[in-house]
There are 2 protein chains.
Amino acid sequence: MLTYKFGNLMQKNIGSHGLPDDFFENNRELLAEIHQKINEGFNKGDFGFMKLPFEQPELDRIKKIAVDIRQKFKSVIVLGIGGSCLGALALHQAFNHPFHNQFSSPQIYFLDNVDPELIQALLDVIEIKKTLILVISKSGKTAETLSQFLLFFEKIKRAGSPKEQIIIITDPQKGPLREIAQEEEFVSFSIPPEVGGRYSVLTPVGLLPAAILKIDINALLKGAQTMAKRCQEIKNPAYLYALTHFLLLQQGYNIHVLFPYVYALRGLADWWRQLWAESLGKEGKGPTPVKALGVTDQHSQLQLYMEGPLDKVITFVTVKRFRSRLDIPIHFAPFADIAYLGGHTFNELIYTEQTATEAALTKAKRPNAKLEMDVVSPFELGEFFYCLELATVCCGLMMRINPLNQPGVELGKRYTQALMGREEYQNERLELTDWFFNLSQDEV
Amino acid sequence: MLTYKFGNLMQKNIGSHGLPDDFFENNRELLAEIHQKINEGFNKGDFGFMKLPFEQPELDRIKKIAVDIRQKFKSVIVLGIGGSCLGALALHQAFNHPFHNQFSSPQIYFLDNVDPELIQALLDVIEIKKTLILVISKSGKTAETLSQFLLFFEKIKRAGSPKEQIIIITDPQKGPLREIAQEEEFVSFSIPPEVGGRYSVLTPVGLLPAAILKIDINALLKGAQTMAKRCQEIKNPAYLYALTHFLLLQQGYNIHVLFPYVYALRGLADWWRQLWAESLGKEGKGPTPVKALGVTDQHSQLQLYMEGPLDKVITFVTVKRFRSRLDIPIHFAPFADIAYLGGHTFNELIYTEQTATEAALTKAKRPNAKLEMDVVSPFELGEFFYCLELATVCCGLMMRINPLNQPGVELGKRYTQALMGREEYQNERLELTDWFFNLSQDEV
């Protein structure tokens, strides 16, 4: 079960820099108000992600086709970026062997970039005839995904069979990818229109790749259900994560760090980083999410976290037990700097380092909290996804901003299309020519 | 040649939020003073990294042994963390195929974590008899590296030959690893005592792994030399990067983003992130470094960068040309949302997206700059490493802090050793038992 531990955010543990010890009682009304808004919004059709744990019309089709894909293909390439990639990637990293592609089939690749060197390298290693392409874009208009789709469509047309090797995940009705799926008779799945990209991990966007990778998607959904039920109470992990971070943000803690101490959970930090940044960063406000990884970043970021400005809230993500156990052998016992390690396990070492870091931060009066799982499991990842999604909405409502939109990315998209020569954006092209390309470029 | 472009940090391009247009002239004296301090410090023996482009006593040995290793081994595992990993990892990512380990020999693994699941997974994929272990720790006391060393020493002792399969890189005289290297007659290389871990990429720490991976280390050093010479002038990329970031930090821009638009350069951001955080984050001060990756993070962080608080300075890292060229084919031309892509190249697309993002940020009056290379090459990475190292020292001196130490990580290390049962740290163990483990742990 996922637990949020927040004692080390409070004055009783870290002194006057922390949250007042009665912060929860003081904000019970605020939470009740937000809770009501969320329920009202949900009933109106907003916050579509909240129904996903309970409504999965395509679940059986997903499972069936996943079995088929595992048998037929040597590689699966996911074409998707942002919300169309990060959830499935986090699931892959959580449950598959870290060196999966070196010896497992089907290999899986998440192509969330358009770097020509990277794409060329991918073409080097796959056998196009034995490759399935999953094209994921909610709008069906994402430039990166569409350009990759054009490339792979061309390759498969020459060497294989597009109808059998391309699956589309997009809006059920709208957008060019939906029309193409119909025209070309591609297998397709739907992203519910009321679920935004960064909240879509529990739609086919995350579930189909997960099922292909043999991840137990029933357990994943069960975890999300359980969390959804826990969140009917005002005192739940999602609201508490949101409230503590909101209050600390108001106190000037504008950098929020997610710090997994489990290598397999590093992708959760990337997934959360998009969710938190894109949902809350607007109207001149918003915390900056930062991902870190234990123990690695003790040797990179910890100095700053310990002695830098008082602007960070650090949330560890931990497990009570790892899925394997590994001994540290005893050698070179005469050396005091080595002797204390041998005879322990790596499990003890990583657990101890996390505890020591937590203690050191607490001693330095730095606010820190913990999201703790029993073990990395689909159930607990389901809890995690739902919890942080709801926390994001809750925090956004407290900040009085809209956590569901992303107006700030539109201008860059228009400029891209203008520079790529799209007719409708001629005005933007002229603007760039008249203004941007004439800016003085000091350099050294 | 590496160029720093900083026009979009200035008022003439982004309005009143930017740096005054005469910031350089206004701070010429400050830079001259810092320049003198750096030269004096260097002459006293501080800033040891500054001599590395010119003094490489072990270079021939490195090259010779690298050839030998490539012939003999199927895998190379680097045991090192923080500064003992990030430079070599960045070089590997810059110059090797992104899926190197799937078909190239020797495979290379950077084991900068003690997660038992990860280490077990690595044991699954290597053949211990045909594996070389590079143990890297400047102090020779790093808990993570030593515990891994114990594990691999045990495995190799049973199945192979430690003397032939283990190489040590550590202090030339001091520390347990140096003593062990002598006792066991391991091949070893030295990290000059006056070069700190995070400044050590141009010592055997970075050079030996690079040479094993066939990276041209002469060109790397040549690039660093060239940058060192450029930095004899006051107006150089290192000092300008430092000065602009220092002045913007004083204006409240406390989050510094490095945003490569080249997949191969993602590791440079990790390397820089350690350097900037650990060097500058102390005495309650210091910017928070954030790494991002183009184009991927346009779909994750750009909303925040465009419309969040005015607290970020964003530095793109770009290349004028990529090392491969890939066409976007023409299909589905009736769809306006697709038609504008076909007929271009992915090279144009990524270049255009970077330009569009830069223009959008500039339009939104957000300070942004650019570190531009011609192409990813060892020479230009040599320039980059030296430039950012010197920039870090320069910025630290402007901030009046010591950019070479990391006092804030000591407490966590002591707590770890205390909890692992090391005798000398009994007091810390008692402290933790009396205090930390008794803290009230509110949870939900």
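1. Basis of the model. The model is predicted, and local features are taken only where pLDDT is at least 70, side-chain atom pairs only at pLDDT 80 or more, while totals for chains, interfaces and linings use all residues. Residues are numbered from 1 along each chain as its sequence is written, and chains are lettered from A and ligands numbered from 1 in the order in which they are written.

2. Chain A against chain B. Counting two residues as in contact if their C-beta atoms, placed from the backbone, lie within 7 Å, 124 residues of chain A touch 124 residues of chain B. Helix α17 (residues 346-363) of chain A gives the largest share of chain A's side, 13 residues; helices here are DSSP runs of H or I of at least four residues and strands are runs of E of at least two, numbered from the N terminus. That side of chain A consists of 57 nonpolar, 43 polar and 24 charged residues, where Ala, Val, Leu, Ile, Met, Phe, Trp, Tyr, Cys and Pro count as nonpolar, Asp, Glu, Lys and Arg as charged, and the others, Gly among them, as polar.

3. Domains of chain A. Chain A is divided into domain 1 (3-40 + 221-398) and domain 2 (59-215), with bounds that come from an automatic or database domain assignment. The centres of these two domains of chain A, taken over C-alpha atoms, are separated by 31 Å, and their contact takes 18 residues from domain 1 and 14 residues from domain 2. On the domain 1 side, the elements giving two or more residues are α12 (217-230), α14 (266-280) and α18 of chain A, and α14(A) supplies the largest share, nine residues. By class, this side of domain 1 of chain A has eleven nonpolar, three polar and four charged residues.

4. The parallel sheet. In chain A, five strands form an open sheet with parallel pairing, in the order β3-β2-β4-β5-β6; two strands are said to pair if DSSP finds at least two bridges between them. Strands β3 (107-111) and β6 (187-190) of chain A each have a single partner strand, so one side of each is left without a neighbour in the sheet. The twist of this sheet averages 15° from one strand to the next. Strand β5 (residues 166-170) of chain A runs parallel to β6(A) and is joined to it by four bridges, with A:Ile168 standing opposite A:Ser188 in β6(A). Helix α8 (residues 143-159) of chain A lies across β2 (75-79), β3, β4 (131-136) and β5 of chain A, and runs at about 155° to β4(A); axes are lines fitted to C-alpha atoms, for helices over the stretch in contact, and angles run from 0 to 180 degrees between N-to-C directions.

5. The mixed sheet. A further open sheet of chain A has five strands in the order β1-β10-β9-β7-β8, and its pairing is mixed. Its edge strands, β1 (3-5) and β8 of chain A, each pair on one side only, and the twist averages 20° from one strand to the next. Strand β7 (residues 255-260) of chain A pairs with strand β9 (residues 312-319) of chain A in the parallel sense over six bridges, and A:Ile255 stands opposite A:Lys312 in β9(A). Helix α14(A) packs on this sheet, touching β7, β8 and β9 of chain A, and its direction makes about 170° with that of β8(A). Helix α13 (residues 237-250) of chain A lies across β1, β7, β9 and β10 (368-373) of chain A, running at about 25° to β1(A).

6. A helix crossing in chain A. The axes of helix α3 (residues 28-44) and helix α18 (residues 378-398) of chain A come within 10 Å and cross at roughly 115°, which means that α3(A) is roughly perpendicular to α18(A), the term used for angles of 65 to 115 degrees. Residues A:Leu30, A:Ile34, A:Lys37 and A:Ile38 in α3(A) meet A:Val393, A:Cys394, A:Leu397 and A:Met398 in α18(A), and this contact has seven nonpolar, no polar and one charged residues.

7. Backbone points to check. A cis peptide bond, with omega about -5°, joins A:Gly294 and A:Val295, and A:Val295 is placed in the loop between β8 (288-291) and α15 (302-307) of chain A. In chain B, a cis peptide bond joins B:Gly294 and B:Val295, with omega about -5°. Residue A:Phe47, in the loop between α3 and α4 (59-72) of chain A, has phi near 50°, a positive value in a residue other than glycine.

Terms used: Angles under 35 degrees count as roughly parallel, over 145 as roughly antiparallel, 65 to 115 as roughly perpendicular and the rest as oblique.
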